[in-house]
Amino acid sequence: MQFDQTREPLSRVAKGALALEVVLAIGALGGGLVLMLAPRGEILPLPLSALAGSPFDTYFVPGLILFGVLGLGPLVAARMAWLRHPLAPVAAFVVGAGLLIWVAVEVAIIGYSNEPPLQAIYGILGVAIVLVAIRWLLDVGLPQLHRNTATHV
């Protein structure tokens, strides 16, 4: 996957998005891995009773989602930014919005907890990513999708 071979320096906004995406990825990969390895709260002291009313009996599936969507997804978005892909600002917005949805669903299912305040921290991170992505989109505009205009005989 190659894009801008001139390698113009990344803008401050693009660097900010990339950094925030990497921070999210590190936390989500670690958290998701721990939840998958110890789905009954053996490593992280999470009571299974917190999952009451959710579709989950253990933390394995939430850990898998956390690892895959909020861990690997931001790494893909960060790589897109690094490669100057025209959809990188959109990817950053999707990552931030996805994180905000994750936090909102988590709070709706298990309630708010500030011991430790991870929901608040990741909620703030999600807002930061969305705001940086919006600034980036305002700077560069929406990417144009080109259609093949050749006629077929």
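1. Helix 1 and helix 4 cross in a left-handed way (the near helix is turned anticlockwise from the far one by less than a right angle). Helices here are DSSP runs of H or I with at least four residues, numbered from the N terminus. Please keep in mind that this is a predicted model, where local features need pLDDT of at least 70 and side-chain atom pairs count only at pLDDT 80 or more, while totals for chains, interfaces and linings use all residues. Residues are numbered from 1 along each chain as its sequence is written, and side-chain values use heavy atoms, leaving out hydrogens and water.

2. Who meets whom? On the helix 1 side, the residues in contact (heavy atoms within 4.5 Å) include Val13, Leu20 and Gly27, and on the helix 4 side they include Tyr122, Arg135 and Asp139. The contact residues divide into twelve nonpolar, two polar and two charged.

3. Isoleucine 124 also sits in helix 4. Its relative accessibility is 60%, so isoleucine 124 counts as exposed (over 50%, with a 1.4 Å probe and protein chains only). Leucine 100 lies 24 residues away in sequence, and 8.7 Å away in space from C-alpha to C-alpha.

4. Histidine 85 belongs to the loop between helix 2 (60-82) and helix 3 (88-110). With 16% relative accessibility, histidine 85 counts as buried (under 20%). Its side chain reaches the backbone nitrogen of leucine 87 at 2.9 Å.

Terms used
Helices (H or I, at least four residues) and strands (E, at least two) are DSSP runs, numbered from the N terminus. Ala, Val, Leu, Ile, Met, Phe, Trp, Tyr, Cys and Pro count as nonpolar, Asp, Glu, Lys and Arg as charged, and the others, Gly among them, as polar. A polar contact is a pair of N or O atoms within 3.5 Å; within protein, one must be able to donate a hydrogen and the other to accept it, and residues adjacent in sequence count only if both atoms are side-chain atoms.
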